Amino acid sequence: ARVRQNFITNVRKFLDENWEKREIKSIQLSQNDNWRYCKCSDCMKDIYDYGSPAGTIVEMMNLVAEDLETYNGGKYSDIYVITFAYQYSFDCPDNIVCHDQVMVEYTIIDKCFQHAINDPECEGILEVSPNWSINVRSNVEVCEEFEKWAAISKHCYLYDYSANFRYYYNVFPNINEIYEDYQLLNKIGAWGYINLGVANYDRTGAQTYSSEWGTLRDYLLCKVTEDVDMTFEEYQAHIDEFLQAYYGSAWTYVREYLDFTQQLADDYGGCFGVYSTPELMYGDHPFEAKSEWLVELFNNMLACSDLTDEQELHIRRLKVSCDYLRLGSIHQAEMGSGDYMRMQNQKNAIRNFYIDITQNLNMPWICETMTVPSSGIKWDANLRTWINKTTVHYYSEK
Ligand SMILES: [Zn+2]
Ligand SMILES: [Zn+2]
């Protein structure tokens, strides 16, 4: 009870002190970014009654919202009290509903991005490596949980990730799934959405430039949430119109690259999440079989004569994802070929990749928390192994 009273007092104090200084429409009162929640006997009893640690959070948010109905003459009664459904609070509680002013941000970080959210074939996957383990939930489970949240909350927000947070240079093949996911989630009751997608090109506050479809994804999310009855053909037309503007006359080649990566992931068929290795999306040695075709494809893009400087830059940034997966995949074959020219070409390509990400293209971020070490790379080392070692991510060359 004392914790609760302190909490409410602090919210009141914050609003009193900041109300005149800026426009406040909501107050974010979320848990910390970890799995540690209070396990005292009072809380554990509540958690048992609600069936989820989220119950204690919703209870607290409701108390705040109720207090704001009348505090200071009801001055703050219209603001939203926002809280996450995330990690330990992901599962919707029983026996409680949210106050009308409580907004739930439902994080779809645990979902599988290979399958659409209503795909019954999606089983999820537990990925275990020597350094960490990651659980990707089955989408049926994610969808059911969202349905429950939407039923107890008037304002349910989606908090989407939609990028590969451990492998920024990887292509995250979820473009077609976005269409199905958002149509369904909107119909269930998503009131709005935030797309975190750290590696999104030139968005304010973005960490780095996307080496793949960061900006396209933002565009498509806007389109598909504006018109929830959009057909799949209309969705595809929006992809094309974006590619035409962003990559100029090279756009048809870019579209081939997009379709190739989507198809490769579909053919492989495995579940994957926002932290998964490229191998979980594409299988071992992704891009190896199509290496020569990919080299030619990107040469064709860059050979288009009427590109603007920006469009050319967009293509070169996109090429980073291709080189990353391709060079890692063909490394053993090239360096073990005994052919001097092939070995030399491979070394040059690795060298150019390194110079591009560190100097020409300003894309030094490997993942959420690490940049390329300034110590450089050995030109005869496998690019993937080298980068994954840097980020303590396991990679098998064989
Ligand atoms: Zn407690
Ligand atoms: Zn799946």
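**Notes on a predicted model: loops, helix pairs and the core**

1. Q87 has a relative accessible area of 14%, and because buried means under 20%, this residue counts as buried. The structure discussed here is a predicted model, and the residue lies in the loop between strand 2 and strand 3 (102-107).

2. N72 sits in the loop between helix 3 (54-70) and strand 2 (80-85).

3. When residues up to four places away in sequence are not counted, T277 touches E127, W132 and Y167.

4. I47 belongs to helix 2 (residues 41-50). Its relative accessibility is 10%, and I47 therefore counts as buried. Which residues is I47 in contact with, once its neighbours within four places in sequence are left aside? They are Y37, C38, S52, P53 and T56. As a guide to distances in the model, the C-alpha atoms of I47 and Q262 are separated by 42 Å, and these two residues are 215 residues apart along the chain.

5. Helix 4 (residues 139-152) and helix 5 (residues 175-188) form a pair whose axes come within 10 Å and cross at roughly 30°. Because angles under 35 degrees count as roughly parallel, helix 4 and helix 5 are described in that way. From helix 4, the contact is made by C143, F146, E147 and A150, and from helix 5 by L184, L185 and I188. Sorted by class, this contact of helix 4 with helix 5 has six nonpolar residues, no polar residues and one charged residue.

6. Helix 7 (residues 232-247) and helix 8 (residues 251-268) pack at an angle of about 130°, and their axes are 9 Å apart. That angle makes helix 7 oblique to helix 8, and the crossing of helix 7 and helix 8 is right-handed. On the side of helix 7 the contact is made by Q236, I239, D240, L243, Q244 and Y247, while helix 8 contributes W251, V254, R255 and L258. By class, the contact of helix 7 with helix 8 has six nonpolar, two polar and two charged residues.

7. The last point concerns the nonpolar core. In soluble globular proteins, nonpolar side chains tend to be buried together. In this model, the largest nonpolar core has 114 residues, and those with the most contacts inside it are W149, W213 and Y257. What is W213 in contact with, leaving aside its neighbours within four places in sequence? The contacts are V171, F172, I175, Y247, V254, Y257, L258, T261 and L318.

Terms used. Residues numbered from 1 in each chain as written. Chains lettered and ligands numbered in written order. Predicted model: local features only at pLDDT ≥ 70, side-chain atom pairs only at ≥ 80, totals over all residues. Heavy atoms only, no water. Axes fitted to C-alpha atoms, helices over the stretch in contact; angles between N-to-C directions. Helix = DSSP H or I, 4+ residues; strand = E, 2+ residues; numbered from the N terminus. Parallel < 35°, antiparallel > 145°, perpendicular 65-115°, else oblique. Left-handed = near helix turned anticlockwise from the far one by under 90°. Contact = heavy atoms within 4.5 Å. Nonpolar A, V, L, I, M, F, W, Y, C, P; charged D, E, K, R; others polar. Buried < 20%, exposed > 50% of the residue type's maximum accessible area, 1.4 Å probe, protein only. Core = buried A, V, L, I, M, F, W, Y, C linked by side-chain atoms within 4.5 Å.
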